[in-house]
Structure formats: C-alpha cells, structure tokens
Amino acid sequence: SALHSYLSEDYHRARIMDEYNEMEKEMPEVSSALDLLADNVVFGQNSSREEDSVNYKVSIAKKGGGKVPLKLAKEIKEIDETSKIHRELKSIVRGMLKYGDSVEEMVFNDKGDCIRIKHLPVKSVDVIYDNSNPRHSA
C-alpha cells in the first residue's frame, strides 16, 4: 500500500541518518572531514574562517536570458541581507555533506520581511517523494 511504502521509506531514511550520526561520534576523522569540506566549500581560499568574511555574491538571472524584474531582484537581495544567510552557510553545507540534504525555514516578521533562516532537523522533516519524477521514483 501507499502508506506502507511511505512509512518504509521514512524509516529507512531515519535509520541511515542515525548511522551517519553514530559514525561521526565514533570516528573523529569523519567529523573533521565534514568540517574541512564545509570550510572549503564556504570559505574557499579565504584565510579568515569567520562567518562574516564569507565572500559571495547573489547573482540573479532569468532562465533563457532577459532582464529580471527590478522588484524581484530587489526583494531577493533584501532577503539575502536581512536573513544574514551568510552566517548559516557553513552549517547548511555541513548538513548537506553529512545527510545529503538540508532543510531551512524562512522566518518572516509581521510586515512580510524575511528576517532569518531557521535550521530544521533533517530527521524531523517528512519527505514526500513525487513518483512522477524519474529521479524520485523508488
């Protein structure tokens, strides 16, 4: 049944994540490797490993070329600045390297402005696979 399939996939995913956590606890080199790889992805050759020193630029492009509407470009840059996502990049990348994915929630204030990015524990998120997509079919 569909429910059995869903629960089996969810259980399997949780079990694998537990194994990854156990490996990191039991083998310090795994933790060190994850830290080193995340540093290299986020900071590159930057000698300063501080979150505020992340040197990246948000590039906004329209699929197929053409101009991105100014209002949209402004909104994306504003979200980037107010959410301070650059401070979270290492943690996000490390989670992606460890688990194969990362889950974040955009937190908005009463005005509708994105004020921060909140990490969600990957294990606590239910994944719903779209079986019409060949990449997600079992």
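Trainee: How many salt bridges are there, and what makes a pair count as one?

Mentor: The count comes to six salt bridges. The rule asks for a side-chain nitrogen of Lys or Arg within 4 Å of a carboxyl oxygen of Asp or Glu. This is a predicted model, where local features need pLDDT of at least 70 and side-chain atom pairs count only at pLDDT 80 or more, while totals for chains, interfaces and linings use all residues. Residues are numbered from 1 along each chain as its sequence is written, and side-chain values use heavy atoms, with hydrogens and water left out.

Trainee: Why is the pair E24 and K98 called a salt bridge?

Mentor: N and O are 2.4 Å apart. The limit is 4 Å, so the pair qualifies. E24 lies in helix 1 (residues 2-26) and K98 in helix 4 (residues 89-99), so the bridge ties together parts 74 residues apart in sequence. Helices are DSSP runs of H or I with at least four residues, strands are runs of E with at least two, and both are numbered from the N terminus.

Trainee: What about D35 and R94?

Mentor: Their closest N and O atoms are 2.6 Å apart. D35 sits in helix 2 (residues 28-43) and R94 in helix 4, so this pair links parts 59 residues apart in sequence.

Trainee: Are D35 and R94 buried or partly exposed?

Mentor: Buried means under 20% relative accessible area, exposed over 50%, partly exposed in between, with a 1.4 Å probe and protein chains only. R94 has 17% relative accessibility, so R94 is buried. D35 has 30%, so D35 counts as partly exposed.

Trainee: How do you know that K118 and E105 form a salt bridge?

Mentor: The N to O distance is 3.8 Å. That is within 4 Å, so the label holds. K118 lies in strand 2 and E105 in strand 1 (residues 103-108), so the pair joins parts 13 residues apart in sequence. K118 is partly exposed at 32%. E105 is partly exposed at 34%.

Trainee: Which residues do shared partners join into one network?

Mentor: E24, D35, R94 and K98.

Trainee: How do you know that the span of helix 3 agrees with its residue count?

Mentor: The expected span is 1.5 Å times one less than the number of residues. Helix 3 (residues 70-83) has 14 residues, so it should span 20 Å. Its end C-alpha atoms are 20 Å apart, which agrees.

Trainee: Which residues of helix 3 are buried?

Mentor: A73, D80 and S83 are buried. The face turned away from the buried side carries the exposed residues L70, K71, K74 and E81.
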